[in-house]
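Please keep the sequence and the 3D view open as you read.

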Amino acid sequence: MTAAAATGLGSVAASQVSASEYPSGPFWNNVPDPDLSKSTLPNFKFELEKSTGRVDGGSYGKEVTVEQLPISTGIAGVSMKLQPGVARELHWHATAAEWAFVISGNCRTTVINPEGQSETNDFEPGDVWYFPRGFGHSIQCLGNQPCHFILIFDNGYFSEFGTFSITDWIGHTPKELLAKNLGLPASAFDSFPKSEVYFVHGQPPPAQPALPHRGHLVSPPNTHKYKLLAQEPHATFAGGREWLVSEREFPISTTVTGVVLELEPGGLRELHWHPNAEEWQYVLGGTISVTLFGAKGRYAIESFQTGDVGYIPQGYGHSIENTGSEKARVLIGFNTGLYQAIDLSEWLAGNPDYLLEAHFNQKPDVVEKFPKRDVFIATGKPI
Ligand code: MN
Ligand code: MN
């Protein structure tokens, strides 16, 4: 179902997606992927929080790209923690847009767009940001507690440690050129860092951000901030609920859709697939079991704990089940702004019984008991 179609308790609406909304997709959609053409499915799990990453005191960045998880060609991810007074320095990404979800603590971002408009936003847990490819930005920890957030990039080959950082750039540019460019004496740059700082150590920022020197501020439709968990879930069922933010709700986020899926113990996000996007999963809490179907008899089941990352290639069948005794929450990113999914139950309900009877070699009394609507999240109780 589409994002707009999922509403309320157990309801499902017809797809509102028009033909023009089916993009042809990135180049790799049409290229055979050697990793996906073997007789068994490749590994689709990486224990992100158990990895070391880049550490600076209590601040860190841990990444998962095609380097760590070869199947993840469409989406890369990072878990980052900033200690009070620490900022992820001013930088841009030449080859990826950045989508983020704040798990704990508070932070402040600054971002500039090609129109010269800048925006400063403060974030708390449950908030999301999106920076289009190439926009300059920074992230500062706010207050006296660390801030932990997850970054999702719409390119699995992108590395967070290959960003275009301001200290790296300035540090490698001749001082005379900088002097001409910025109108200062060359000697003013003697004490500047000579290489990339990455994590900037300073004081916790003031409660109110200072206005930028230039007066151009981002206009509201183009804001980079969205309060995801402050919204009503787009889908609520007995076995769980889901929040979703796509380009429809957050217009600037043209290449990423984000979801928080919450499952009660035993809750099952039913068998489904996504026609137009790859799926990147980060377990925010709990224990889940993910099934993956890759055609040609290839099937895999994997168990995930808090801090683990999973990856579902575009179009591959999958399900997510809470196998623990506590609520489970999964952060999910898709590399599209136009969310699409087709669920097994709605597929079956969209076909005549006689056809299903023949497929499964069953009598009518079995097939007629199939759900007549989209199940979305199942509990094992009668539907
Ligand atoms: Mn960034
Ligand atoms: Mn999915």
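Which residues touch the most other members of the largest nonpolar core? They are F44, W99, L228, W280 and I288, out of 53 residues in that core. This is a predicted model, in which local features need pLDDT of at least 70, side-chain atom pairs count only at pLDDT 80 or more, and totals for chains, interfaces and linings use all residues. Residues are numbered from 1 along each chain as written, chains are lettered from A and ligands numbered from 1 in written order, and side-chain values use heavy atoms, without hydrogens and water.

- A nonpolar core is a set of buried (under 20% relative accessible area, 1.4 Å probe, protein chains only) Ala, Val, Leu, Ile, Met, Phe, Trp, Tyr and Cys residues joined through side-chain atoms within 4.5 Å.
- A second, separate core of 23 residues includes W129 and F131.

**Manganese site**
- H91 (NE2), H93 (NE2), E98 (OE) and H137 (NE2) coordinate the manganese ion (ligand 1) at 2.0 to 2.2 Å; donors are N, O and S atoms within 2.8 Å of the metal (3.2 Å for Na, K and Ca), and water is not among the atoms, so sites may look incomplete.
- E98 in strand 6 and H137 in strand 10 (residues 136–142) are 39 residues apart and link distant parts of the chain.
- Both E98 and H137 are buried.

Conventions
Helix = DSSP H or I, 4+ residues; strand = E, 2+ residues; numbered from the N terminus. Buried < 20%, exposed > 50% of the residue type's maximum accessible area, 1.4 Å probe, protein only.
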